[in-house]
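Reader: I have a model open and want to learn how to read its features. Where do we begin?

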Amino acid sequence: MINELKIHEMKRRAVSIIFPNVCPFCGRVVNAREYYCPSCVEMLPKICRELSPPENVSRLFACCWYSGIAREAVHRLKFGCIIDPADAFSLMMSETLADHAKDFDAIVPVPSGIKSIEKRGFSPAKVIARRISMRLELPIERALKAGADKIEQKTLSRKKRLQNARESFFVKNNAEIAGKRLLLVDDVTTTGSTLSVLAELLLKAGAADVSAAVFAKVPGEFKKLDEPKRFKKLTKK
């Protein structure tokens with residue numbers, strides 16, 4: 001997996017010769033070996049305390065609050081269909097998880113619905129999970145799948161999110177996760193409903209333990225993850 005990471009970084013540097021790397025937080029061009037501006041990192045609304053995990057989840061790891069430039073970067077990934085922020089998110093998440101990597105047997109990305117993948121061209125959680133897997137040398141188990149009629153959580157109230165999550169996901173193969181300590185990975189969490197339901201499914205399927213990691217956590221009891229009316233695009237790589 002170390003070789004896979006080196007190959008990924010070599011490709012990234014090669015592409016930057018034609019399409020310069022840009023910071024996902026401000027849009028400025030950065031060095032071919034960099035993933036973001038050092039000055040932007042200082043401005044991020046970092047989470048500096050332990051978070052209470054949602055039901056069924058043992059621990060919740062998160063880098064930033066979903067606000068300011070962190071929120072804008074998530075918008076670029078989710079609504080702007082720009083994959084570059086996933087590299088920055090995965091690097092920061094890997095640094096947060098580094099001391100806990102030995103506690104997990106595998107990473108499980110939160111699956112996107114078919115319509116979302118068709119719209120973006122990729123699954124944000126899957127890309128982030130792949131990058132974390134390369135850095136922490138943890139295997140990925142694609143044990144979860146979203147149903148064809150999955151409804152996006154951002155359009156629903158807190159109460160309906162739980163119901164929708166239970167109707168939208170299922171475990172593909174119980175044998176793949178039996179007895180394993182799993183790490184659910186997603187880009188952002190709002191109420192924690194999706195993580196809670198997915199952890200419940202994995203535990204019922206035989207997982208020994210389920211933790212979760214996200215780049216950003218929406219602060220407060222509930223705030224809708226709206227698509228921005230205006231979107232500032234970055235320089236395309």
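Author: Begin with helices. A helix here is a DSSP run of H or I with at least four residues, numbered from the N terminus. This model is predicted. In it, L136 lies in helix α6, residues 124-136.

Reader: Is L136 buried or exposed?

Author: Buried means under 20% relative accessible area. L136 has 15%, so L136 counts as buried.

Reader: Which residues is L136 in contact with, beyond its neighbours within four places in sequence?

Author: They are S94, L97, A98 and A101. Take S94: it is 42 residues from L136 in sequence, yet the C-alpha atoms are 6.8 Å apart.

Reader: Now a charged side chain. Where is R76 found?

Author: R76 sits in helix α3, residues 68-78. R76 is buried and has no salt bridge.

Reader: Which side chain of opposite charge is nearest to R76, and why is there no salt bridge?

Author: A salt bridge needs the nitrogen and the carboxyl oxygen within 4 Å.

Reader: What backbone oxygens does the side chain of R76 reach?

Author: One belongs to P24, 2.6 Å from a polar atom of the R76 side chain. Another is that of F25, at 3.4 Å.

Reader: Turn to the surface. Which residues form a nonpolar patch there?

Author: V15, I17, I18 and F19 do. Together they have about 420 Å² of accessible area.

Reader: Where is I17, and is I17 buried or exposed?

Author: I17 is in the loop between α1 (2-16) and α2 (38-43). Exposed means over 50%. I17 has 72% relative accessibility, so I17 counts as exposed.

Terms used:
Residues numbered from 1 in each chain as written. Predicted model: local features only at pLDDT ≥ 70, side-chain atom pairs only at ≥ 80, totals over all residues. Heavy atoms only, no water. Helix = DSSP H or I, 4+ residues; strand = E, 2+ residues; numbered from the N terminus. Buried < 20%, exposed > 50% of the residue type's maximum accessible area, 1.4 Å probe, protein only. Lys, Arg positive; Asp, Glu negative; His and termini not counted. Polar contact = N/O pair within 3.5 Å; in protein donor to acceptor, adjacent residues only side chain to side chain. Contact = heavy atoms within 4.5 Å. Patch = residues over 30% accessible without salt bridge, like charges linked within 9 Å, V, L, I, M, F, W, Y side chains within 5 Å. Areas by Shrake-Rupley, 256 points an atom, 1.4 Å probe, with all protein chains shown as cover.
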